[in-house]
Amino acid sequence: MEIDNCCESAQVLAAKIDKYMRFGQRKVKDVDGKERPMWRTRWWVPDGRHGDRPLPPLLLVFNRIGPRNPDTVMAQLAELTERHWKGAWYEGGFHMYDGKLPIVVTGMKQLKEHGPAGAVFRRFGRPHKQTLLDAIGNRRREAADARQRAEHDARQREHQEELRRIAAQHRAEREACRPVCAGCGTRFTDERWKAIEPAGWGRPARDPPAPVRRLQAASRHRRTPRRAGRV
């Protein structure tokens, strides 16, 4: 977090953000010998989704004491630092911010009026103010992930229902073919039915039919849905 008293120009602030970027991109060897971003060796954060691992967010709080207009400075700063914060658009309707620096701005007066939990934070690249957690997060990506999981679960349920339907049809067809004792009219048990079949004749009575075996094999090798790709 950095507090600006509206005395510095957008160019000076942009130069500071360039330094933040260089710090975030600096890599060192960790205790296990693997190279990692230096800041990750000092602060723990979740790994995040592959392709969407931004740098630690920067919060700029403008305290209107000096002569500069914070609204003008923010607009100029967003333009000067666009290469650092702008994400990549994905077909799922969201941006990914891998290696980018989330820059969030607000005013001291707004913080005093609404508190740190209020929707007074605006992230560069977004048109509306949000709460701090929403501003540093990626709600559109999370919503797209939730839709993708729901679609995958629906396909899995349809697949399992198809398996049950085919299995039930097979049982019905098998029962229709079950032999009946000529003396008492009782249907043969599975053991007796299998005993009267010639050795090596067909498949064991309890084996599922070929359509079920094919669906089961497809289910075992079915891959989970791919993540939304980049346009």
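Visitor: Which residues of β4 lie on one side and which on the other, and are they buried or exposed?

Guide: This is a predicted model. In β4, L58, L60 and F62 lie on one side, with L59 and V61 on the other, and all are buried, which leaves both faces covered. Because five of the five residues of β4 are buried, this strand is largely enclosed by the rest of the structure.

Visitor: Which strand pairs with β4 over five bridges, and in what sense?

Guide: That partner is β7, and the pairing is parallel. Within it, L58 stands opposite I103 of β7.

Visitor: And β1, how is it joined to β4?

Guide: Three bridges join the two strands, which run parallel. D4 is placed opposite F62 of β4.

Visitor: Back to β7. Which of its residues point which way?

Guide: I103, V105 and G107 point one way from β7, V104 and T106 point the other way, and all are buried. Strand β7 covers residues 103-107, and five of its five residues are buried, so the rest of the structure largely encloses it.

Visitor: What about its pairing with β8, parallel or antiparallel?

Guide: Strands β7 and β8 run antiparallel and are joined by two bridges. The bridge partner of V104 in β8 is R123, and V105 stands opposite R122.

Visitor: What is the strand order in the sheet as a whole?

Guide: The order is β1-β4-β7-β8, in an open sheet of four strands with mixed pairing. Strands β1 and β8 are at the edges with a single partner strand each, so one side of each has no neighbour in the sheet.

Visitor: Which strands does α1 touch, and what angle does its direction make with that of β1?

Guide: Helix α1 packs on the sheet and touches β1, β4 and β7, and its direction makes about 175° with that of β1.

Visitor: A change of topic: how many helices and strands are there in the chain?

Guide: The protein chain has eight helices and eight strands. Of its 231 residues, 31% count as buried. Among contacts with a separation of 6 or more, 57% are between residues 24 or more positions apart.

Visitor: Now the pockets. How much space lies in the largest pocket, and which residues lie nearest its centre?

Guide: The largest pocket holds about 520 Å³ of space. Its lining has 24 residues, and P46, D52, P54, I136 and G137 lie nearest the centre. Helices α5 (132-136) and α6 (139-177) each supply at least two lining residues.

Visitor: How does that lining divide by class?

Guide: The lining of the largest pocket has 11 nonpolar, three polar and 10 charged residues.

Visitor: And the second largest pocket, which residues lie nearest its centre?

Guide: They are P37, W39, R40, D47 and R53, out of a lining of 19 residues. The elements giving two or more residues to this lining are α1 and β3, and β3 gives the most, with three. About 420 Å³ of space lies in the second largest pocket. Its lining has seven nonpolar, five polar and seven charged residues.

Visitor: Take W39, then. Is that residue buried or exposed?

Guide: W39 has a relative accessible area of 4%, under the 20% limit, and therefore counts as buried. W39 is placed in the loop between β3 and β4.

Visitor: Which residues does W39 touch, leaving out those up to four places away in sequence?

Guide: W39 touches F23, G24, V45, P54, L55 and P56. F23 is 16 residues from W39 along the chain, and their C-alpha atoms are separated by 7.9 Å.

Visitor: Which residues is H95 in contact with, beyond its neighbours within four places in sequence?

Guide: H95 is in contact with G87, A88, W89 and N138. The C-alpha atoms of H95 and D52 are separated by 8.7 Å, and the two residues are 43 apart along the chain.

Methods
Residues are numbered from 1 along each chain as its sequence is written. This is a predicted model: local features need pLDDT of at least 70, side-chain atom pairs count only at pLDDT 80 or more; totals for chains, interfaces and linings use all residues. Side-chain values use heavy atoms; hydrogens and water are left out. On a 1 Å grid over the protein atoms alone, a cavity is a set of points where a 1.4 Å probe fits but cannot get out, and a pocket is an open set with protein on both sides within 12 Å along at least five of seven lines; lining residues have an atom within 4 Å of a point. Grid points are joined across faces, edges and corners, and a volume is the space filled by probe spheres set on the points. Ala, Val, Leu, Ile, Met, Phe, Trp, Tyr, Cys and Pro count as nonpolar, Asp, Glu, Lys and Arg as charged, and the others, Gly among them, as polar. Buried means under 20% relative accessible area, exposed over 50%, partly exposed in between (1.4 Å probe, protein chains only). Two strands pair if DSSP finds at least two bridges between them. Contact means heavy atoms within 4.5 Å. Axes are lines fitted to C-alpha atoms, for helices over the stretch in contact, and angles run from 0 to 180 degrees between N-to-C directions.
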